[in-house]
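Hi there,

Here is the structure I promised to pass on to you. Please have a look at it first, and then read my notes on what turned up.

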Amino acid sequence: MWADLKSHFEATKSRRFETLVDGERAADFSTLAGDVRFDYAKTNIDTTARDLLIKLLDDTGVAQKRDAMFSGAPINEMEGRAVLHTALRNLDGDPVVVDDKDVMPGVRNTLKSMESFADEVRSGAFKGQGGQIIDVINIGIGGSDLGPAMAVKALAPYHDGPRCHFVSNVDPADIAQTLRACDPATTLVIVASKTFTTIETMTNARTAMAWMGESVRKPGAQFAALSTAEDKTADFGIAPDLVFGFEDWVGGRYSMWGPIGLSLMIAVGPDAFRAFLQGGQAMDRHFCAAEWHENMPALLALVGIWHNQICGHATRAVLPYDNNLSRLPAYLQQLEMESNGKGVSMDGADLDLPSGPVVWGEPGTNGQHAFYQLIHQGTRVIPCEFLIAARGHEDDLHHQHQLLVANCLAQSEALMKGRDLDEARGKVADKFEGAELERQARHRVFPGNRPSVTIAYPQLTPFVFGQLIALYEHRVFVEGAVLGINSYDQWGVELGKELATALQPIVEGADASGKDGSTASLVGFLRDNGL
Ligand code: F6P
């Protein structure tokens, strides 16, 4: 199948896909999930390629793997765990059984306690020493930060609770600047860590506890914890009623649907949070029910596989024309690259295909004035993924939103059509002539034939936001399932952690001579300069 796809790519790669694009193709090469539309007409995928790609899903058993995931089977084989973030949004669905036990009553109970706590914080019933909570600081990193931080920004129009801050980096600048902006007497600190051992988070949490302890009599009473390790949260001094636990079948980067989403819930309120969960659940239902040729997560994944594993484009730009999604690319970097950046397949054999792509991006229109030069005229093809809402939340500025939409659509059109030499000559013919005209014109040529997809939606409501995030999660699942890798472990982050622990005594003054020459010499330079 891979060979068939590669030979089809070779046979069609020099064609201008623009010649394929008409109204019929726009309908055929797009799909709807609820109100969200995914358009992949502006790619070189034709019906033959799509059929071959869909066959890949069948050949690699994606439907069976999907059903195994939803049913609670331990598909994270390397850690012997189920992968059940979908249970966190299975609000009115069937029981989900793990180790002979339905996990749904526990999920619903935790959600209820989160809701009561969020209501108390928002209403002022839960107080700090100085009265109503004005600032919430979420201390976490990776999945315990990127999801809620991205989501609070995404749902800014619905934010009517206390201010939310996110501290992740062990760089003291991060926590110091945040604490400076808050009054400890009216601050709630949420320590978000699945394991409650992550060095950055625990270091920042201790710094925050010390800061709070300087002026608040019972600092622990203004701390909540979100974790699977409830014994460790108690050792840290957080009262059990302020601990919101979850199970190891929720992966860190998939965790904002449960307790890790507490800061989001406090910001936007339990109703909006539920709407977010419902949006996720709607996408789950679509993913489980829709035929492959209409199945949005499957198609999004297949387009990604076509561009990365077949065409060889190593990166993917995510370009939300939605400023509230400005942290989406960073969130997706963890979701996609930590999940599918693997070099061996599930059975431990070397992967004979490239692993998942490098994911990067910035919101439009900002990116247009920064890196789009390379996307349009650089020598590498970068498949682009645009996101655009029909309307924003600023009704009185809708004309400005229309300008945003025009820019988004213009970019995918420009990438597809490009500008040939003749047209480029026409642009400068009144200013130059002869060899200089040729030279000037060549700089104004756009190769075009560059693929992009567009995800369009009516408005970034909590429900739509939930749909989008679940869409991306399932895309990662499908890509991983087709490649035959384990998308749910992350051994690749371990070596650096181990070496950092070993290096700590050296940066604190111990002998560096056992280290390699480069590292020892860098330590020497930093010591000479104040380390
Ligand atoms: O180091 C990677 C990682 O384990 C991520 O997978 C995770 O999201 C992050 O660290 C934070 O982990 P924790 O929530 O356990 O602090």
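A residue counts as buried when its relative accessible area is under 20%, as exposed when that area is over 50%, and as partly exposed in between. Arginine 419, with 23%, is therefore partly exposed. Please keep in mind that this is a predicted model.

Arginine 419 has a partner: its side chain meets that of glutamate 423 in a salt bridge (3.7 Å, N to O). Glutamate 423 is partly exposed too, at 41%.

Another pair sits in helix H16 (residues 421–428), where arginine 425 and aspartate 422 are three residues apart, about one turn of the helix. Their closest N and O atoms are 2.7 Å apart, in a salt bridge. Arginine 425 is partly exposed at 25%, while aspartate 422 is exposed at 55%.

Glutamate 479 and arginine 316 form a salt bridge (3.6 Å, N to O). Glutamate 479 belongs to helix H18 and arginine 316 to strand S12, so this contact ties together parts that are 163 residues apart in sequence. Both count as buried, glutamate 479 at 4% and arginine 316 at 6%. Through shared partners, salt bridges join Arg316, Glu336, Glu385, Arg475 and Glu479 into one network. The whole structure has 28 salt bridges.

On the surface, Glu230, Asp231, Asp235 and Glu247 gather in a patch of negative charge. Aspartate 231, one of them, lies in helix H9 (residues 230–235) and is exposed at 52%.

Finally, the domain assignment gives three entries: domain 1 (2–75 + 275–491), domain 2 (121–269) and domain 3 (495–528). The C-alpha centres of domain 1 and domain 3 are 42 Å apart.

Best wishes

Key. Residues are numbered from 1 along each chain as its sequence is written. This is a predicted model: local features need pLDDT of at least 70, side-chain atom pairs count only at pLDDT 80 or more; totals for chains, interfaces and linings use all residues. Side-chain values use heavy atoms; hydrogens and water are left out. Patches are made of residues with over 30% relative accessible area and no salt bridge: like charges are joined within 9 Å, nonpolar side chains (Val, Leu, Ile, Met, Phe, Trp, Tyr) within 5 Å. Accessible areas come from the Shrake-Rupley method with a 1.4 Å probe; for residues, only the protein chains shown count as cover. A salt bridge is a side-chain nitrogen of Lys or Arg within 4 Å of a carboxyl oxygen of Asp or Glu. Lys and Arg count as positive and Asp and Glu as negative; His and the chain ends are not counted. The place of a charge is taken as NZ of Lys, CZ of Arg, CG of Asp or CD of Glu. Helices (H or I, at least four residues) and strands (E, at least two) are DSSP runs, numbered from the N terminus. Buried means under 20% relative accessible area, exposed over 50%, partly exposed in between (1.4 Å probe, protein chains only). Domain bounds come from an automatic or database domain assignment.
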